[in-house]
Amino acid sequence: MSAIQIIPIEWYLLLSTVLFTIGVAGVMLRRNAIIIFMSVELMLNAVNLLLVAFSSYLSDSKGQVFVFFIMAVAAAEVAVGLAILMMVYRNTKSSDINILNKLKW
Amino acid sequence: MITTYLFYLLTFLAIMFAIRVVSTKNPIHSVLYLVMTFFAIAGHYVLLNAQFLAAVHIIVYAGAIMVLFLFLIMLLNLNKETEPHKSVWLKTSAVVASGLLLLVLVGALKGASTIQATNTFNPNIGLIENLGKTLFNDFLLPFELSSVLLLSAMVGAVMLGKKSIK
């Protein structure tokens, strides 16, 4: 017995929304660039969970293939983002994003 | 019945660990809580009949991406609390703003019409055979393009990580 026949999809919608909101709160609350990056990963995963839920409920495997692509893009994003963070740390000796305010209006 | 309890347990764990990711002071603990969140999400994938995706999720996220995060934190020696605190006013307004976002999203989703499945129910959809057929029939070009994306990301990361560019 899988979850699809028992649990209504609204609960998965709610769970994904809550996880996404926690990610948004993390981006707004923290100043450490690495933790902000992890909050972005959390938001990506909330969306992935929702895609898998819809894919299973509609019996359409295209949604799960989309999740693959999101994972590939997330891996690329993490590689480049962490390299940028390392360069920022090398130049400023800190991972605080409030130092990086040259582009702030 | 046991599926419902598993759903509750995994949901509780995912949300609690996600909150800990955001609220913990030590970045290392934050990474480890995020790994636990990913395990809970992988459990949800298994409940949703997406077994292959659950395995890939654990391998890619918990195995590769989070290890990269840990590696960076240890390389930069950030494993102590160095983060300056935001003011209480800013923190409160951030929590209130995200709570309002949650309220808006839930309200928007509550009024949405429910979906109707057009396909007949197929529990084997998350198995590797069906996923591979879809991936290589309908999504062949994006699949090849993602390899180019990964290559360019690798080159970019190497370029950024070098000491100085001559």
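## Packing of H3(A) against H3(B)

H3(A) and H3(B) pack with their axes 12 Å apart, at an angle of about 175°; axes are lines fitted to C-alpha atoms, for helices over the stretch in contact, and angles run from 0 to 180 degrees between N-to-C directions. H3(A) is therefore roughly antiparallel to H3(B), a label for angles over 145 degrees, while those under 35 count as roughly parallel, 65 to 115 as roughly perpendicular and the rest as oblique. Helices (H or I, at least four residues) are DSSP runs, numbered from the N terminus.

This is a predicted model: local features need pLDDT of at least 70, side-chain atom pairs count only at pLDDT 80 or more, and totals for chains, interfaces and linings use all residues. Residues are numbered from 1 along each chain as its sequence is written, and chains are lettered from A and ligands numbered from 1 in the order in which they are written.

From H3(A), A:Ile34, A:Met38 and A:Val52 meet B:Leu53, B:Phe69, B:Leu72 and B:Ile73 of H3(B). Contact here is C-beta atoms, placed from the backbone, within 7 Å.

## Packing of H4(A) against H3(B)

The axes of H4(A) and H3(B) come within 11 Å and cross at roughly 5°, which means that H4(A) is roughly parallel to H3(B). Their contact has 15 nonpolar, one polar and no charged residues. Among those in H4(A) are A:Gln64, A:Met71 and A:Leu85, and the H3(B) side includes B:Val60 and B:Leu68.

## The chain interface

In total, 62 residues of chain A are in contact with 72 residues of chain B. H4(A) gives the most to the chain A side, with 22 residues. That side divides into 45 nonpolar, 12 polar and five charged residues.

## The largest nonpolar core

The largest nonpolar core has 60 residues, and those touching the most other members include A:Ile34, A:Met38, B:Val21 and B:Tyr45. Such a core is a set of buried Ala, Val, Leu, Ile, Met, Phe, Trp, Tyr and Cys residues joined through C-beta atoms within 7 Å; buried means 20 or more other C-beta atoms within 10 Å of a residue's own. H3(A) provides the largest share of this core, 13 residues.

Beyond its neighbours within four places in sequence, A:Ile34 is in contact with residues including A:Leu85, B:Pro27 and B:Leu78.

Methods
Buried ≥ 20, exposed ≤ 12 C-beta atoms within 10 Å, placed from the backbone. Helix = DSSP H or I, 4+ residues; strand = E, 2+ residues; numbered from the N terminus. Contact = placed C-beta atoms within 7 Å. Nonpolar A, V, L, I, M, F, W, Y, C, P; charged D, E, K, R; others polar.
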